[in-house]
Amino acid sequence: MARYVYDFIEGDRSRADVLGGKGANLAEMTRLGLPVPPGFTVTTDACRAYLATGAPPAGLFEEVNAHLREIEARLDRRLGDPVDPLLLAVRSGGRYSMPGMMETILDIGLNDATVGGLAARSGDERFAWDSYRRLIQMFGHTVHDIPPEEFAHELAAVRATAGPAGPSAGQLRDLVDTYKKIFARHVGHDFPQAPHEQLFLAIRSVFASWNSERARIYRRQERIPDDLGTAVNVMAMVFGNLGPDSGTGVAFTRDPATGAPGVYGDYLADAQGEDVVAGIRNTVPLAELGRLDPVSFRRLGEIMATLERHYRDLCDIEFTIERGRLWMLQTRVGKRTAAAAFVIAAQLVDEGLITADEALTRVTGAQLAQLMFPAFDLTGAPEPLAVGVGASPGAAVGRVVFDSAAAAAATGPVILVRRETNPDDLPGMIAAAGVLTSRGGKTSHAAVVARGMGRTCVCGAEALRIDSERGEVAVGDRVVRAGEVISIDGDSGRIWLGEIPVQPSPVARYLAGELDAEADPLVAAVHRLLGHADAVRKLGVRANADTPRDAGRARRLGATGVGLCRTEHMFLGERRSLVERLILADGPAEREAALAALLPLQRADFAGILAAMDGLPVTIRLLDPPLHEFLPPLAELTARVARAEALGEDPGRDGTLLDAVRRMHEANPMLGLRGVRLGLVVPGLFAMQVRAVAEAAAERVRAGGDPRPEIMVPLVGDVRELAAVRDEAERVLAGVDGAPEIPIGTMIEVPRAALTAGEIAAEAHFFSFGTNDLTQTTWAFSRDDVEGSFFGAYLERGIFPVSPFERIDATGVGRLIRLAVAEGRAARPGLTVGVCGEHGGDPDSVAFFAEAGLDYVSCSPYRVPIARLAAGRAAVAPTTGTSDSR
Ligand code: PEP
Ligand code: MG
């Protein structure tokens with residue numbers, strides 16, 4: 001029979017699929033002999049069964065009861081015992097951590113009878129009634145969706161009338177009565193008194209919350225599959241709210257913002273765990289615990305060192321101290337900023353905890369991309385308006401909005417300003433450039449979630465008096481209204497009125513060769529890890545570059561060649577008129593004159609790029625787009641001609657152009673006269689480009705250079721197309737003195753080319769996958785239209801988790817790629833194969849290309865370092881199909 005429940009002493013961290021991350025780590029800590037309250041985990045299998053049928057699987061609650069009895073025996077306490085009641089905490093925990101997303105219910109087991117037992121045993125009647133009201137509130141909210149404000153409102157009223165020591169036991173008992181009435185009014189029956197019923201309802205509601213809207217939004221954002229389900233952890237309660245010698249905290253084994261070594265965290269005396277994460281009261285730095293309770297503080301330090309050695313990574317923990325006794329409630333490999341990820345990975349190598357290869361698996365291309373973002377240029381900056389806690393780094397500038405909906409609806413960049421955030425703010429946090437709160441520390445909801453998604457965040461800016469209803473925030477006597485621009489610095493926590501200019505990141509400056517590798521710990525870490533990636537990667541990284549400047553920049557960023565030089569970009573601007581001449585040419589003589597005028601310009605372009613990439617391959621693609629793209633748009637020409645005619649003037653050249661545009665008009669230009677087809681029907685066009693390449697190369701050779709041009713033919717679908725172009729090209733090349741050998745290859749960017757790659761390879765010295773067009777033509781997705789039209793709906797419906805124009809569709813398009821690589825290499829052993837579509841710079845896609853055996857990827861210059869890192873990661877830990885971003 002299937003098993004759905006495991007005691008903490010039965011599991012270990014390798015079983016996160018079944019026990020969830022939290023359950024697996026609780027089991028691991030239990031195994032390590034650390035002080036974890038006894039408990040058990042209900043598996044994700046049980047949740048999946050529940051989600052499939054709407055009911056818990058048969059036998060689940062019997063199994064839960066059996067485990068519960070074991071815990072009761074171990075602790076010699078029973079659930080529902082009015083004299084010495086066992087109380088339980090129920091917490092969700094899926095495979096991947098989803099901070100604030102799922103539900104927690106504490107103090108299960110309290111009822112009208114057991115509350116007296118708790119009071120007697122703890123010797124604290126106020127605590128007992130306070131726990132009971134917490135249970136009704138959490139249970140009411142989680143199981144029955146009762147708005148938390150309803151309870152909060154009553155609590156605030158009681159607190160307002162209470163003395164400085166807080167509400168009395170009597171007041172809290174009355175509050176419990178009020179809470180019960182709120183509960184009964186919303187739910188239609190009384191608060192359940194049977195502890196086992198409370199427990200089973202809590203477990204069910206954790207299962208159901210997997211599909212809550214905010215959980216689904218978070219998963220989509222983080223690309224976590226929808227079908228994993230969550231586990232449920234049931235644990236004996238320990239109390240941090242039993243007076244000044246009790247408390248609760250969150251800690252990191254290193255600073256999750258910068259990676260700096262040293263224990264770091266927040267502590268809240270006389271409080272329950274959820275109070276810290278919710279940012280309800282302001283915490284004190286963890287070091288303060290050293291003063292309050294030196295024994296627990298020392299023990300905590302030892303445990304954190306044990307965990308870090310054991311997990312060989314930064315860990316974060318939640319702990320509770322109950323009357324001087326330390327308990328571990330959770331640990332996991334902690335989330336961290338991109339900067340901390342690099343710094344920590346390098347430190348752990350130095351400390352001998354991980355190898356350099358492993359260090360590569362600890363950082364992602366997406367994190368490196370984030371580090372290349374700019375930061376504020378503070379020279380001459382005004383005094384900040386206020387300073388909060390820098391919770392997630394970055395420099396964000398935007399208009400102030402006060403609620404999630406406004407952030408989600410805004411068109412330009414916005415800063416979401418909230419007293420504190422909760423999971424309902426998620427859509428706004430995703431949409432905003434930055435998040436600013438007036439309450440809570442680095443471990444508040446806002447901080448944790450923003451860090452996870454790489455959003456700039458400043459929290460706990462207590463000088464801010466936020467009135468979201470009126471849409472304004474006051475700082476001193478300055479009032480900032482919705483729509484005003486502010487700038488926030490997620491490193492230093494500073495907040496400015498107005499726009500502060502931004503400057504490039506130190507990592508970007510280092511990569512551009514402007515900063516020394518030892519400039520700071522982050523730059524040094526990036527330098528080391530990229531160096532190691534370069535040493536281990538098998539995949540080459542080239543750049544898509546059309547100008548000497550871009551080629552030079554790409555080379556400085558580590559590109560070892562140009563994988564795609566789009567020659568159409570050289571036909572723009574003033575040269576457009578030369579293309580017009582070519583298109584409008586009347587007869588061979590005019591056409592040849594037009595081509596002759598283009599030739600020296602192209603030659604100079606190529607010479608510049610070949611010089612910038614001296615000694616490295618430069619793949620020059622013959623003209624690809626339809627020629628009418630170089631003419632004025634039909635509507636504009638029509639209007640110009642109509643205007644001239646209305647004035648009785650001769651439209652002149654515009655009239656001729658209009659005729660040409662009409663003649664060349666295509667309903668589907670992407671599938672029309674473009675690529676190799678142009679070369680075959682516009683006499684002399686490709687020959688001119690080939691000659692320009694050869695002459696530029698010959699010129700470079702004469703100047704002592706080492707030019708390595710390659711000629712690439714776009715949009716080939718049949719080997720005969722390529723053969724015809726190649727024949728002509730070779731004739732031209734043979735006629736240019738002093739040019740080096742120039743290979744001629746083809747793009748593989750239509751399905752027929754991939755399907756007949758074996759034939760095509762007979763005529764091609766190399767292949768380069770044009771994955772933009774290959775995606776377009778494989779899916780029949782117009783690349784210029786679909787992302788703006790229906791992709792939103794497709795992503796929403798989970799047809800695919802991310803646009804196939806962004807991350808390679810490994811199953812469909814990827815299959816064509818694998819087939820073409822295999823058949824191409826079978827026909828021509830040693831065939832060089834690369835990719836030059838946008839996917840070449842996408843970390844997840846790079847992993848796929850490495851696995852598919854490509855020789856290189858080519859991407860935009862700025863993504864070269866990201867591709868280098870991703871290629872290194874792929875070499876040490878092939879992970880096709882696993883997201884880089886997690
Ligand atoms: C491609 O199609 O992937 C490609 C690189 O060419 P372009 O984007 O210029 O069509
Ligand atoms: Mg293309």
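Predicted model: local features only at pLDDT ≥ 70, side-chain atom pairs only at ≥ 80, totals over all residues.

Reader: Is Asp313 buried or exposed?

Author: Asp313 touches Thr253, Glu308, Val333, Arg336, Ile344, Leu348 and Arg362, leaving aside residues up to four places away in sequence. Burial requires a relative accessible area under 20%. Asp313 has 6%, and is therefore buried.

Reader: Which residues coordinate the magnesium ion (ligand 2), and through which atoms?

Author: The distances at this ion are 2.0 to 2.1 Å. The donors are OE of Glu749 and OD of Asp773.

Reader: Where in the chain do Glu749 and Asp773 lie, and how many residues apart are they?

Author: Glu749 is in the loop between strand E30 (744-748) and helix H29 (751-755), whereas Asp773 is in helix H31 (residues 771-779). Both residues are buried. The pair links distant parts of the chain, and the separation is 24 residues.

Reader: At what angle do the axes of H31 and H34 cross?

Author: Helix H31, which holds Asp773, also packs on helix H34 (residues 813-827). H31 passes H34 in a right-handed crossing. The axes come within 10 Å, and they cross at roughly 120 degrees.

Reader: How many nonpolar, polar and charged residues form the contact of H31 with H34?

Author: From H31, the contact takes Thr771, Leu774, Thr775, Thr778 and Trp779. These meet Val813, Leu816 and Ile817 in H34. By class, the contact has 5 nonpolar, 3 polar and no charged residues.

Reader: Are H20 and H36 oblique or roughly parallel to each other?

Author: Helix H20 (residues 521-536) and helix H36 (residues 864-876) pack with their axes 8 Å apart. The angle between them is about 60 degrees. Angles under 35 degrees count as roughly parallel and those from 65 to 115 as roughly perpendicular. The angle here therefore makes H20 oblique to H36.

Reader: Is the crossing of H20 with H36 left-handed or right-handed?

Author: In this contact, Leu529, Leu530, Ala533, Asp534 and Val536 come from H20. H36 supplies Pro865, Arg868, Leu869, Gly872, Ala875 and Val876. The residues divide into 8 nonpolar, 1 polar and 2 charged. As for its hand, the crossing is left-handed.

Reader: Are H5 and H6 roughly parallel or roughly antiparallel?

Author: The axes of helix H5 (residues 125-144) and helix H6 (residues 148-161) are 9 Å apart, at an angle of about 160 degrees. Angles over 145 degrees count as roughly antiparallel. H5 and H6 are therefore roughly antiparallel.

Reader: How many nonpolar, polar and charged residues are in the contact of H5 with H6?

Author: H5 contributes Arg133, Ile136, Gln137 and His141. H6 contributes Pro148, Phe151, Leu155 and Arg159. The contact has 4 nonpolar, 2 polar and 2 charged residues.

Reader: What covers the buried residues of H4?

Author: In helix H4 (residues 114-122), the buried residues are Thr114, Val115, Gly117, Leu118, Ala119 and Ser122. Just after H4, Gly123 takes a positive phi of about 70 degrees. The cover of the buried residues includes strand E4 (85-86) and H5.

Reader: What is the relative accessible area of Asp107?

Author: Asp107 is found in strand E6 (residues 104-108). Its phi is positive, about 70 degrees, although Asp107 is not a glycine. Asp107 is buried, with a relative accessible area of 0%.

Reader: What phi does Leu715 have, and where does Leu715 lie?

Author: Leu715 is found in the loop between strand E29 (708-713) and helix H28 (719-734). Leu715 is buried, with a relative accessible area of 3%. Although Leu715 is not a glycine, its phi is positive, at about 60 degrees.

Reader: What share of the residues in the protein is buried?

Author: The secondary structure comes to 36 helices and 33 strands. The C-alpha trace spans about 105 × 65 × 55 Å along its principal axes. Of the contacts with a separation of 6 or more, 69% are between residues 24 or more positions apart. Among the 886 residues in the protein, the buried share is 56%.

Methods
Residues numbered from 1 in each chain as written. Chains lettered and ligands numbered in written order. Heavy atoms only, no water. Donors = N, O, S within 2.8 Å, 3.2 Å for Na, K, Ca; no water. Helix = DSSP H or I, 4+ residues; strand = E, 2+ residues; numbered from the N terminus. Buried < 20%, exposed > 50% of the residue type's maximum accessible area, 1.4 Å probe, protein only. Axes fitted to C-alpha atoms, helices over the stretch in contact; angles between N-to-C directions. Left-handed = near helix turned anticlockwise from the far one by under 90°. Contact = heavy atoms within 4.5 Å. Nonpolar A, V, L, I, M, F, W, Y, C, P; charged D, E, K, R; others polar.
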